[in-house]
Amino acid sequence: MKHNARTLNTTEHFYGHKACGGCGESLAVRLVMKILGERTFSALPAGCMSAVSFIYPNMAFTTNAMITPFASTGAVAAGMAAGLKALGIEDTHTVGFAGDGGTADIGLQALSGAIDRNDDIIYICNDNEAYMNTGIQKSGLTPYGTKTTTTPAGKNLPGSVTMKKNMFEIVAAHGIAYAATASVGYLEDLMMKIEKAKNTKGTSYIHIFAPCPTGWGHETNVTIELAKQAVDSGLWYLAEFENQEFKLNKNPKEFASVEDYLSKQGRFKHLQADDIEIIKAHRDQKWEKMRKNWI
Amino acid sequence: MEKFICGNDAVAEGVRLARPHVISAYPITPQTIAVERLSDMCEDGSLKADYMHVESEHSALAAAMGVSSVGARAFTATSSQGLLYMAECLPYASGARLPIVMMNANRAIATPWNIYGDQMDSMFLLNSGWIQVYVEDAQEALDMMIQAYRIAEDKRVMAPVMVNLDGFVLTHTYELVNIPSQEDVDAFLPPINLEDQVMTIDNPKSLCISAGNDFNFEFKIKQEQDLTNSKSVLEEVDEAFSQAFGRKYHGLLETYKMEDAEAVLITTGSITGTTRIVVDEMRQAGHKVGLLKLRYLRPFPQEALNKALEGIKAIGVIDKNISFGYEGTIYTNVNSSIIHMETPPKSINFIGGLGGRDITKANIEEAFQKLMSGDSLDRVQYMNVRCEQ
């Protein structure tokens, strides 16, 4: 089944939440729920999406959903799926929506356990590159040179000094049934991948790049543009791991301007030319490997 | 049918009879035999359950929350450091009113590292919103697995239950245990049916919600009321159990030879059995001693305890734990109950058994002698220790 703006259904399963204007993550949740449909059970750990959608008495999910302990997205979702199976309740989907910190840091162990058991769940990592709900602290997916409240940029440090943890390849290394990266800048690609995850028996993982105006310091009307630019400049990539093989979905002949992408965001305003060179060098190294092995 | 089995085996037999849908567990000494037996039962088909090999205790309980949230019956088991590692999930489960049952093999807490039995672990979790019951022997362990599900799933209760049994002394000790028939257990424990409480396709819900300062307090009060009121349900379930199976555990607490007693020891778990024998022997020698076995620490049986202690002159509370900087935790709980009596008994704390140290018959007799001596004693006494008090 193909998804695009024309075919997309008008049923909303996620609305009335209190996310910020221009939030990339809530857009991703909304679209995922449109594709998975009403027989979906969702698990959301501590983070922006749970904080804005379960405020008694206003519940933003029309479908079954629950907040999980921060580290437990994979485990709670797996438990739900096991419970539904044991009760003989068929034709359901179980999905976990965690952030970058909830996935790459505190939730990594439980996610690894779920993939190891090949539990029939869909795990969505909404990556906005820092702990936004607690006020923009560095996570394992915060890229080099990012100013956060725990990686201040100053005379001695350019903000974060580590690169993004390589979550996509970490989950692929488990031999996961299906994994993909996506971006809210490329929605048809994103929806196609959700559709594949929906039809996958076993664990699937979708890593969605999702800008955050509040945490990144950008205008609320450039969320989609930035999410596109990240991919076009090569700082993010669209790929799949299917039938135990990597596949690069988009391979730009020339990268769009990294400077242009960075300059629209307050979190990168302080970067010097040599910092940008470090970012580009890391990008090129990654793409050399992907182009060699994933095409 | 009777079988010569250890406490862990008895737990597994009880769980099998309760027919959980999913077991999520992580191995830790001395709980391991229980989950090994359950794995065997899942393999040979005598238990139709899904065994989830989770990667930690934190995930064991988190997965059980997922299982329970969709209306399936969940079981997990842990001990000691494992209980502490999953600690965050305990109030999550109880606040969401998920009727999970967990076995905890009471074991010491590091450091110094130690695998043997004391009750330091579960005392940390008294405030977690779980019902806590302590069993005396393997038979009670088996029977309480069955009772625990009926209590947890009672719509007046809707609280998770932790069944505690002393590490090694109960988990690894063999006894003759009566194993009820599946037919009788099925009649006592009907299939789980909580459609209105859990997430269903026809009636979707948000669970484990957030509530700010405008509503949070009321949720907690409701939880507190239901846990306190669960006392009558526990008694009711125990009574129904005795009708069905002929074994009665006397609900919240059991008194033993307390009529006309001058000194009473208050016990939990396996030390109760040793104390019974000492009471019998001392009674034969003409001493007026008795025993009060606390079965539940949460909900705490305040009314029943105070009533049972009327007219008693001196009590000793045996604690296999220390709340560092104060005293044994059960002692604190007992004292806060008895201050509401018109003439409360004098109370002394006997702390013993830490890290698996024996509490011998002689130690217990000595405790009774101290209570009866009328001597002025320090309020905290250590049992069977090699250092100066």
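In this predicted model, A:Gly202 sits in the loop that links helix 7 to strand 8 of chain A.

**Surroundings of A:Gly202**

- Once neighbours within four places in sequence are set aside, A:Gly202 is in contact with A:Asn118, A:Asp120 and A:Ala177.
- A:Gly202 and A:Ile122 are separated by 80 residues in sequence, yet their C-alpha atoms are 8.4 Å apart in space.
- Helix 7 of chain A, which covers residues 187-198, lies across strand 5 (93-99), strand 6 (122-127), strand 7 and strand 8 of chain A, and its direction makes an angle of about 160° with strand 7 of chain A.

**The sheet that includes both chains**

- An open sheet is formed by 9 strands with mixed pairing, and their order is 10(A)-9(A)-7(A)-8(A)-6(A)-5(A)-1(A)-4(A)-9(B).
- The edges are held by strand 10 (245-248) of chain A and strand 9 (206-207) of chain B, each of which has a single partner strand, so one side of each is left without a neighbour in the sheet.
- Within chain A, strand 7 (residues 178-183) and strand 8 (residues 204-209) pair in the parallel sense over 6 bridges, and A:Ala180 is found opposite A:Ile206 of strand 8.

**A helix pair in chain A**

- Helix 3 (residues 73-87) and helix 5 (residues 108-117) of chain A pack with their axes 6 Å apart and at an angle of about 40°, which makes helix 3 of chain A oblique to helix 5 of chain A.
- Helix 3 of chain A brings A:Thr73, A:Gly74, A:Ala75, A:Ala77 and A:Ala78 to this contact, while helix 5 of chain A brings A:Ala110, A:Leu111, A:Gly113, A:Ala114 and A:Arg117.
- Sorted by class, the residues in the contact of helix 3 with helix 5 of chain A are 6 nonpolar, 3 polar and 1 charged.

**The contact between the chains**

- The contact between chain A and chain B takes 37 residues from chain A and 36 residues from chain B.
- On the side of chain B that touches chain A, at least two residues each are supplied by strand 2 (22-25), strand 3 (50-53), helix 3 (57-69), helix 5 (89-95) and strand 9 of chain B.
- Helix 3 of chain B gives the largest share of that side, with 9 residues.
- The residues on the side of chain B that touches chain A comprise 20 nonpolar, 12 polar and 4 charged.

**Chain B as a whole**

- Chain B has 13 helices and 16 strands, and its C-alpha trace spans about 65 × 55 × 45 Å along the principal axes.
- The radius of gyration of chain B is 21 Å, which agrees with the value near 21 Å that a compact globule of 389 residues would have.
- Of the 389 residues in chain B, 54% are buried.
- Among contacts in chain B with a separation of 6 or more, 80% are between residues 24 or more positions apart.

Technical notes. Residues are numbered from 1 along each chain as its sequence is written. Chains are lettered from A and ligands numbered from 1 in the order in which they are written. This is a predicted model: local features need pLDDT of at least 70, side-chain atom pairs count only at pLDDT 80 or more; totals for chains, interfaces and linings use all residues. Two strands pair if DSSP finds at least two bridges between them. Helices (H or I, at least four residues) and strands (E, at least two) are DSSP runs, numbered from the N terminus. Two residues are in contact if their C-beta atoms, placed from the backbone, lie within 7 Å. Axes are lines fitted to C-alpha atoms, for helices over the stretch in contact, and angles run from 0 to 180 degrees between N-to-C directions. Ala, Val, Leu, Ile, Met, Phe, Trp, Tyr, Cys and Pro count as nonpolar, Asp, Glu, Lys and Arg as charged, and the others, Gly among them, as polar. The radius of gyration is taken over C-alpha atoms; the globule rule is 2.2 Å times the number of residues to the power 0.38. A residue is buried if 20 or more other C-beta atoms lie within 10 Å of its own, exposed if 12 or fewer, and partly exposed in between; C-beta atoms are placed from the backbone. Angles under 35 degrees count as roughly parallel, over 145 as roughly antiparallel, 65 to 115 as roughly perpendicular and the rest as oblique.
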